[in-house]
Amino acid sequence: MPNLNENYLNVKDSYLFAEIARRVKTYEKSHPEKADRIIRLGIGDVTRPLTKRAIQALHEAVDSQASPDTFKGYGPEQGYEFTRRAIADYYGRNGVSVDADDIFISDGAKSDTGNMTEIFARDNVILVPDPVYPVYVDTNIMDGKQVVYMNGTKENDFLPMPDESVKADIIYLCSPNNPTGACYRKEQLAVWVDYALRNEAVILFDAAYEAFVTEPELPRSIYEIEGAKRCAIEFGSLSKTAGFTGTRFSYTVVPKELVFRSSKGEEMSVHAMWNRRQSTKFNGTPYIIQYAAAAVFTAEGMEECRENIRYYMENARKIADTLRRKNIPFTGGVNSPYIWFQCPNGMESWEFFDCLLEHAQVVGTPGAGFGENGRDYFRLTSFGTHEKTAEAMERFEKLL
Ligand SMILES: Cc1ncc(COP(=O)(O)O)c(C=O)c1O
């Protein structure tokens, strides 16, 4: 009999979306006449299709596979040079210099944020925000690592800052944040970078929603901060930026400047370790997808994505306006597709979920699913259609 990884016994049941689905199903069964009225503003999946340029590139890449002259088999595990260069150019247009050689192409920020734990030893002090994107926590627990939470509350605008009494080794930051929609300012990230450099810690910076930042002074990459290449890994994704949730494409920047020492004092390059990990366990993102992604990262390709993002952000504005009219304080919705607010009338998040479903047939995400600090909060997303979002907000307004 194999000895199983019993750390899995310590992972909490991932019941959030399953429980949402169960409650919606129960409601539909007991109210069949209302089933068609249900509007889902809960799960963070997109509704806009791929852009023209992405589709055209996908077609081209598929066709190229039909001829022996252009057929592509295994590609480099790190990703094709043309894709890595397209991303480096994208960074460059945003005023950040990233070496194409430091970029690793992958099939999702979920995979890379999860897999990254492998190259770090068990006995690290790992800081994660609460509320949190659950992948950061669960992957570390599966690995037998312990996490320490840092509170994201309305007192700190849901943007935890370093606690000098805690000496962390690995710090997860997500900005713009899922689920709170909050976004760090440059000077706040500079404090984190300074803390990480002083404590020889590494920041795992999840920038999956960077394209949603609309205020130009807010940072979209941790590498906008001096010194960050010596202490930070950055994750990016086309899932929400370009509607690739089903197509699957992401990238991770592991700068060569990121060097720590082994217990014997030898220098160890995190870049070299990640390269070794990927070369051993990953055979690359499909050529077809990388070809389409490279088209998305061009200036023209991104402009098309921006149209979709503007579409979603109109929804965010509608949701935010409704909450404002109802005097419900919230974060997000300006530089993020997520809106996070305290449940009205002292309700807890599952109670409010049931109330919204029962009386308005609107489905959101209870904050409790993202951590202790989310217990009284609720997340709505702007990824719906204009029509459905407007209708949901009308019902929301009538209900409260
Ligand atoms: C904060 C955050 N990081 C990463 C991901 C995963 O992105 P991907 O689709 O690239 O795996 C998500 C998706 O919801 C997310 O919210």
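This is a predicted model: local features need pLDDT of at least 70, side-chain atom pairs count only at pLDDT 80 or more; totals for chains, interfaces and linings use all residues.

Residues are numbered from 1 along each chain as its sequence is written, and side-chain values use heavy atoms, with hydrogens and water left out.

**Backbone entries**

I started with F158, which is found in the loop between strand 4 and strand 5. Its phi is near 65°, a positive value in a residue other than glycine. Is F158 buried or exposed? I found F158 buried, with a relative accessible area of 7%; buried means under 20% relative accessible area, exposed over 50%, and partly exposed in between (1.4 Å probe, protein chains only).

N327 was my next stop, in the loop between helix 9 (299-325) and strand 11 (330-332). Phi here is near 55°, again a positive value in a residue other than glycine. N327 is exposed, at a relative accessible area of 69%.

I then looked up cis peptide bonds. One joins D130 and P131, with omega about 10°; P131 belongs to the loop between strand 3 (126-130) and helix 5. Another joins N178 and P179, with omega about 20°, and P179 sits in the loop between strand 5 and helix 6 (186-199).

D112 is part of helix 4 (residues 109-115). Leaving aside neighbours within four places in sequence, I list S106, F235, T252, W274 and Q278 in contact with D112 (heavy atoms within 4.5 Å).

My terms first: on a 1 Å grid over the protein atoms alone, a cavity is a set of points where a 1.4 Å probe fits but cannot get out, and a pocket is an open set with protein on both sides within 12 Å along at least five of seven lines; lining residues have an atom within 4 Å of a point. Grid points are joined across faces, edges and corners, and a volume is the space filled by probe spheres set on the points.

I find three cavities of 30 Å³ or more. The largest has a volume of about 60 Å³, and its lining includes Y90, R220, E224 and Y251.

The second largest cavity has a volume of about 50 Å³. F158 turns up again in its lining, along with P129, M150 and C174 among others. Strand 5 (residues 170-174) gives the largest share of that lining, three residues.

The largest pocket has a volume of about 1400 Å³. It is lined by 45 residues, of which F17, Y133, P134, V135 and F370 lie nearest its centre. Helix 5 supplies the largest share of this lining, eight residues.

Conventions. Helices (H or I, at least four residues) and strands (E, at least two) are DSSP runs, numbered from the N terminus.
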